[in-house]
Amino acid sequence: MAERILELKHITKTFPGVKALDDVHFDLKPGEIHALIGENGAGKSTLIKVITGVYQPDEGEILLDGARVEIRNTGDSQKLGIAAIYQHVTCYPDLSVTENIFIGHEKIHPLFRMIDWKDLHGRAEELLQRLDADFDPRAIMGSLSVAQQQIVEIGKALSTNARVIIMDEPTAPLTNRESEDLYKITEGLRDKGVSIIFISHRMEDMYRLASRVTVFRDSRFVGTWNLNEVRHEDLIMAMVGREITQFFPKRSVKIGEEILRVEGLSRTGYFKDVSFSVHKGEILAITGLIGAGRTEVCEAIYGVTRADSGRVFLDGEEMQIANPNQAIQKGIGYLPEDRLRQGLVLQWELSKNVTLPTLRNFARMGWLDTKRENVVTKELVEKLDVRAGSVFDTAATLSGGNQQKIIVAKLLAGKLKVIILDEPTKGVDVGAKTAIFNIMNDLAAMGYGIIMVSSEMAEVLGMSDRIVVMKEGRVSEVLQTSSATQESILRAAVPGSGAA
């Protein structure tokens with residue numbers, strides 16, 4: 001057996017005006033979990049597409065088991081035993097689990113020349129049992145949770161006898177418990193000899209699973225280290241090219257008068273009797289376990305859903321908000337957790353995305369002033385340091401962190417007073433996180449009231465002025481950040497402990 005199951009040497013890939021990979025290296029040992037990390041735009045996604053045959057490199061070579069191979073398309077990569085699992089599951093939601101697993105390599109009955117469904121369902125059930133799945137192979141894919149759909153994707157990879165599996169941000173959409181289940185599955189695959197490339201912005205994923213780590217920066221290879229021999233600070237330096245001495249650069253801002261007040265907000269089955277307030281210049285964190293009702297409360301304030309009872313006041317005046325358009329007009333903006341499905345129109349230009357919620361501000365006598373639309377977008381893109389070629393680029397071409405900034409630009413294009421940020425740093429790299437935190441600081445300094453929904457304990461403690469802890473649909477406790485600890489937050493958040 002070769003010492004390396006997969007090697008990439010001197011790989012270069014250039015697109016018009018952009019060098020996506022510049023003489024990079026990567027290698028993978030048999031039965032190894034090897035982490036690949038770097039900021040958005042570092043070249044990780046391009047490398048995946050080279051390995052899986054979506055792109056062909058302009059220079060360099062790929063070796064499998066020590067022998068040079070040509071991967072001209074995704075079919076070639078599958079035949080060589082390479083599979084990829086992405087953050088956003090690419091499934092057929094109206095087909096069954098079995099159909100999703102075996103699509104493209106179905107077994108045809110030799111006598112009847114038809115698909116042998118009995119055999120396929122049986123094989124799918126065996127694969128699911130190997131992965132400790134608790135759902136039926138005949139279940140419709142769209143009825144499964146994201147975590148269950150990812151298990152199906154892993155089953156699909158195993159059905160092709162994959163020896164190399166690439167996992168691209170697999171834990172980003174998962175809860176902590178679901179992530180732990182995925183860890184166990186990943187470790188089980190490794191123990192059976194499968195080699196895994198694990199890409200994640202969550203450093204805890206890397207430390208939990210990987211034995212080695214490779215860092216890319218600005219489309220170039222920086223280095224490969226054994227994880228037990230490298231300092232965390234050195235990895236951060238390798239990724240961003242500078243020391244980030246303060247991950248949570250919270251600035252001291254004078255807190256002004258109350259700008260938003262929520263009284264007794266309730267929605268049957270989701271949350272009950274929720275009350276809190278937000279002041280000008282304040283960053284108020286809302287945290288709690290998954291399912292505590294945090295997002296649901298914010299959606300009700302913004303008009304995505306309707307509360308059954310309770311009142312919301314803005315600048316002391318009670319508001320009746322029936323939809324998001326009314327919320328924006330009154331001065332409330334919302335950055336949703338799922339930026340791809342709820343925050344952006346991916347195939348639209350940046351200028352059209354930025355001005356979409358406030359189009360009437362850019363219209364004259366029924367005609368859209370595209371010149372002014374482009375000027376305002378350009379100003380906001382520069383202000384937020386969005387890495388894009390022009391305002392005419394589509395949102396789909398941007399990295400995750402820059403997509404998040406474009407959604408913030410949408411909020412700034414309107415005349416808002418309160419901005420709700422739901423998991424604002426989810427799925428973005430450490431450098432982009434710091435940039436988003438600095439944007440939050442700037443907004444607070446300008447007098448905006450900020451509501452930050454977050455599951456990240458360090459983020460909550462590092463960036464907020466006060467903390468609303470929710471438990472089972474209710475406000476369990478409101479804490480001053482200056483005196484709060486992880487333990488006090490957890491006591492208030494976990495059912496059966498802490499505050500009532």
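The legends below describe several close-up views of this predicted model.

**View 1. The rings of F15 and Y55 form an edge-to-face pair.**
The structure holds two aromatic pairs, and in the pair made by F15 and Y55 the ring centres lie 5.0 Å apart while the planes meet at 65°, so the arrangement is edge-to-face, a term used for planes over 60 degrees apart.

**View 2. Y302 and Y334 form a tilted aromatic pair.**
In this pair the distance from centre to centre is 5.2 Å, and the angle between the planes of Y302 and Y334 is 45°. Here too the pair links distant parts of the chain, with Y302 in helix α9 (residues 294–302) and Y334 in strand β16 (residues 332–335), 32 residues apart. Y302 counts as buried because its relative accessibility is 9%, which is under 20%, and Y334 is likewise buried, with a relative accessible area of 9%.

**View 3. Two arginines, R261 and R267, lie over aromatic rings.**
R261 is placed over the face of F313, at a distance of 4.3 Å from the ring centre. In the other example, the charged end of R267 sits over the ring of Y270, and the distance to the centre of that ring is 4.0 Å.

**View 4. W348, L356, L359 and L368 make a nonpolar surface patch.**
The patch formed by these four residues covers about 320 Å². One of its members, L359, is found in the loop that runs between α12 (350–355) and β17 (363–364).

**View 5. E187 is a buried residue of helix α6.**
The helix that holds E187 spans residues 176–191. E187 has a relative accessible area of 16%, and because this is under 20%, the residue is classed as buried. When its neighbours within four places in sequence are left aside, E187 is in contact with R208 and L209.

Terms used: Residues numbered from 1 in each chain as written. Predicted model: local features only at pLDDT ≥ 70, side-chain atom pairs only at ≥ 80, totals over all residues. Heavy atoms only, no water. Patch = residues over 30% accessible without salt bridge, like charges linked within 9 Å, V, L, I, M, F, W, Y side chains within 5 Å. Areas by Shrake-Rupley, 256 points an atom, 1.4 Å probe, with all protein chains shown as cover. Salt bridge = Lys/Arg side-chain N within 4 Å of Asp/Glu carboxyl O. Helix = DSSP H or I, 4+ residues; strand = E, 2+ residues; numbered from the N terminus. Phe/Tyr/Trp six-rings, centres within 6.5 Å; stacked < 30°, edge-to-face > 60°. Buried < 20%, exposed > 50% of the residue type's maximum accessible area, 1.4 Å probe, protein only. Lys NZ or Arg CZ within 6 Å of the ring centre and 35° of its normal. Contact = heavy atoms within 4.5 Å.
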